[in-house]
Amino acid sequence: MGLQLVAIEPSMAMVSIPTTPTIIEINAKMGKLYDKLTNDIRFVEGISACINCGTCTAICPAAEVYNYQPRAILDAIQSRNDDAIEALLKSDTIWYCGECMSCKTRCPRQNAPGLVIQAMRKLSIEMGYFVESEKGRQQLALKRMVGESILETGYCIYMDHIDTGNFPEQGPIWDWERANAEKILPKVGANYKGDGPGALRKVPKEDLDELQRIFEVTGGIDWFNTIEEFSAKKAKEMGPEIGTDKNSEYFKEVFNTNNQEKHTNQ
Ligand code: SF4
Ligand code: SF4
């Protein structure tokens, strides 16, 4: 919305009143987010190759379950309209993709909308838009549940982090198994927290240090910090306390909320 300076009466000071946006203002708004996306090679290749035929939607496993159409997403982005792109970046839609790349196998242009989605997700996190959708807010759960586990143990998911509070589907026997892990795991051939090879072995400190360094150099740590930062702002707005672990009120809220009817087409 533009502003126009007018004097209502000669004796009155100049006041600002809103005007309808001009073509110049509309054009200035168009393309800013699109331009940011063009810094990502996954986006550039994916968006320019698409002829909007819809084959990817037909083959996409996520489209089978969710209200999700990769072709429609690429079509909306190709409009270069920032309002449409911003709406997508703030939506659940970009988080439905399973990144399986089945789309690449069938696209007549050998294109991969999944890669365009990856670029969209990256920008959504950078801009802090991810906290505006239910599935986007779950990035905090992924960061604390999987990301921190990788850096702490070398495993995406490690037995010690799976409790029946966050994973009730494990059932009561799981609590007993965790409590008795050191006794029962060797009986099934695991090397629980041991040196050398074997399932659940301890990943050596020098390897964990290397992982940490890789995350630092590639921007993974910055990404984690950005997720925490915007999630903390959102938590303040929503009410639950953000905390720092997997048991805080906000973590539980984003981890457990799933409005299935809204997301699925079943
Ligand atoms: S199959 Fe390929 S060309 Fe067709 S809509 Fe999907 S990405 Fe575009
Ligand atoms: S990568 Fe994403 S868009 Fe492509 S087929 Fe898999 S779920 Fe669908």
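Helices (H or I, at least four residues) and strands (E, at least two) are DSSP runs, numbered from the N terminus. By that rule the chain has 17 helices and two strands. This is a predicted model, in which local features need pLDDT of at least 70 and side-chain atom pairs count only at pLDDT 80 or more, while totals for chains, interfaces and linings use all residues. Residues are numbered from 1 along each chain as its sequence is written, and chains are lettered from A and ligands numbered from 1 in the order in which they are written.

**View 1. The whole chain.** The chain has 266 residues, and 23% of them are buried. A residue is buried if 20 or more other C-beta atoms lie within 10 Å of its own, exposed if 12 or fewer, and partly exposed in between; C-beta atoms are placed from the backbone. Two residues are in contact if their C-beta atoms, placed from the backbone, lie within 7 Å. Take the contacts with a separation of 6 or more: 55% of them join residues 24 or more positions apart.

**View 2. The shell around ligand 1.** A residue counts as near a molecule if its C-beta atom, placed from the backbone, lies within 6 Å of it. Ligand 1 is surrounded by 15 residues. The closest are Cys50, Cys53, Thr55, Cys56 and Cys107. Helices α4 (55–59) and α6 (70–78) each supply at least two residues. The largest share, three residues, comes from α6. The shell holds nine nonpolar, four polar and two charged residues. Here Ala, Val, Leu, Ile, Met, Phe, Trp, Tyr, Cys and Pro count as nonpolar, Asp, Glu, Lys and Arg as charged, and the others, Gly among them, as polar.

**View 3. The shell around ligand 2.** Ligand 2 has 14 residues around it. Cys60, Cys97, Cys100, Cys103 and Gly114 are the closest. Two or more residues come from each of α5 (61–65), α8 (102–106) and α9. Helix α9 gives the largest share, three residues. By class, the shell has ten nonpolar, three polar and one charged residues.

**View 4. Helix α3 against helix α9.** Helix α3 (residues 41–49) packs with helix α9 (residues 113–127) at an angle of about 135°, and their axes are 8 Å apart. Axes are lines fitted to C-alpha atoms, for helices over the stretch in contact, and angles run from 0 to 180 degrees between N-to-C directions. The pair is therefore oblique. Angles under 35 degrees count as roughly parallel, over 145 as roughly antiparallel, 65 to 115 as roughly perpendicular and the rest as oblique. From α3, Arg42, Phe43, Gly46 and Ile47 meet Pro113, Leu115, Val116, Gln118 and Ala119 of α9. Six of these contact residues are nonpolar, two polar and one charged.

**View 5. Helix α11 against helix α16.** The axes of α11 (residues 139–153) and α16 (residues 249–256) come within 8 Å and cross at roughly 110°. That makes the two helices roughly perpendicular. Leu140, Ala141 and Arg144 of α11 make the contact with Phe251, Val254 and Phe255 of α16. Five of the contact residues are nonpolar, none is polar and one is charged.

View 6. Methionine 101 sits in the loop between α7 (82–89) and α8. Its phi is near 65°, a positive value in a residue other than glycine. Methionine 101 counts as exposed because it has 12 C-beta neighbours inside 10 Å. Lysine 193 lies in the loop between α13 (181–184) and α14 (205–218). Lysine 193 is not a glycine, yet its phi is positive, about 60°. With 16 C-beta neighbours inside 10 Å, lysine 193 counts as partly exposed.
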